[in-house]
Amino acid sequence: MTFVLVVEDDPAIVRTLTINLRARGYDVEAVGDGRSGLQAVDERPPDLVLLDLGLPDLDGVEVLRRMRAGSRVPVLVLTARHESDDKVEALDEGADDFVTKPFDMNELLARVRALLRRAGGSDEPLVVETEHFRLDVTERQATVGGEPAHLTPTEWQILEVLARHGGRLVRHQELLREVWGPAYARETNYLRVYMSQIRRKLEPDPGAPRYLLTDPGIGHRLRTT
Ligand code: CA
């Protein structure tokens, strides 16, 4: 399980981050000051750190500097608008990316995924290629029969989750949680609607799907052969 360490002293932000990250299957630990953050990195190396720059004890940039002395863990910095000088300094000290508060949760999650992808050594774009269509999931570009096709952001999110599972079954609840969030885990009718939309766009015969398969009552998978 991917382990994300959150170093942030604002309880409301910690709560939002924790809920959203856990809902997407990340293991999350949150600490409220810089020293605890450094200690946590030593004790249990995270896969990614979300680091607030305005911490009560140490300056976030100083935390980053000390972290970087012993670790190459990807660090996504959270900054307030008035901290833009610190942001530049943080990037100099080896921050991998930053978001400015108040941030959009979907954007933050997209950056988290991008950093983890990079850190996983796979700069490889996520591409799905079949006899009938090609999906560059990373770049959000689709061609069907060689012609560009348009997919909506939600359709892409569904396809990304399925593609990441490489043909394995993804349960309805997991797919709903990842795409719509935890409150929607039972809304299987959403999936029915979107899967049929995607099939109409990608499948040669949408009524007899060859690639976007449903295991009734269980989940979906994306087959590429
Ligand atoms: Ca703060």
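Colleague: Quick one: is aspartate 52 buried or exposed?

Modeller: Aspartate 52 is buried, at 1% relative accessibility. Buried means under 20% relative accessible area, exposed means over 50%, and partly exposed is in between, with a 1.4 Å probe and protein chains only.

Colleague: What are the ground rules here?

Modeller: The model is predicted: local features need pLDDT of at least 70, side-chain atom pairs count only at pLDDT 80 or more, and totals for chains, interfaces and linings use all residues. Residues are numbered from 1 along each chain as its sequence is written, and side-chain values use heavy atoms, without hydrogens or water.

Colleague: OK. Which residues coordinate the calcium ion?

Modeller: Asp9 (OD), Asp52 (OD) and Gly54 (O) coordinate the calcium ion, at 2.3 Å. Donors are N, O and S atoms within 2.8 Å of the metal, or 3.2 Å for Na, K and Ca; water is not among the atoms, so sites may look incomplete.

Colleague: How are the donor residues spaced in sequence?

Modeller: The spacing is D-x42-D-x1-G. Aspartate 9 sits in the loop between β1 (3–7) and α1 (11–23), and aspartate 52 in strand β3 (residues 48–52), so the pair ties together parts 43 residues apart in sequence. Helices (H or I, at least four residues) and strands (E, at least two) are DSSP runs, numbered from the N terminus.

Colleague: And aspartate 9, what does its accessibility make it?

Modeller: Aspartate 9 counts as partly exposed, at 35% relative accessibility.

Colleague: Sheets next. What is the strand order in the open sheet of five strands?

Modeller: The order is β2-β1-β3-β4-β5, with parallel pairing. Two strands pair if DSSP finds at least two bridges between them. β2 (27–31) and β5 (97–100) are the edge strands, each pairing on one side only. The twist averages 20 degrees from one strand to the next.

Colleague: How many bridges do β1 and β2 have?

Modeller: Five, in the parallel sense. Valine 6 has alanine 30 in β2 as its bridge partner.

Colleague: What does aspartate 97 touch?

Modeller: Aspartate 97 is in strand β5. Leaving out residues up to four places away in sequence, aspartate 97 touches Val75, Leu76, Val77, Arg111 and Leu115. Contact means heavy atoms within 4.5 Å. Aspartate 97 is buried, with a relative accessible area of 15%.

Colleague: Now the sheet with three strands. Which order do they take?

Modeller: β10-β12-β11, in an open sheet with antiparallel pairing. β10 (170–171) and β11 (212–215) are at the edges with a single partner strand each, so one side of each has no neighbour in the sheet.

Colleague: At what angle do α7 and α8 pack?

Modeller: About 80 degrees, with their axes 10 Å apart; α7 covers residues 172–180 and α8 residues 188–202. Axes are lines fitted to C-alpha atoms, for helices over the stretch in contact, and angles run from 0 to 180 degrees between N-to-C directions. α7 and α8 are therefore roughly perpendicular. Under 35 degrees counts as roughly parallel, over 145 as roughly antiparallel, 65 to 115 as roughly perpendicular and the rest as oblique.

Colleague: Which residues make that contact?

Modeller: From α7, His172, Leu175, Leu176 and Trp180; from α8, Thr188, Tyr190, Leu191 and Tyr194.

Colleague: Last topic. Where is the cis peptide bond?

Modeller: Between lysine 101 and proline 102, with omega about -5 degrees. Proline 102 is in the loop between β5 and α5 (105–119).
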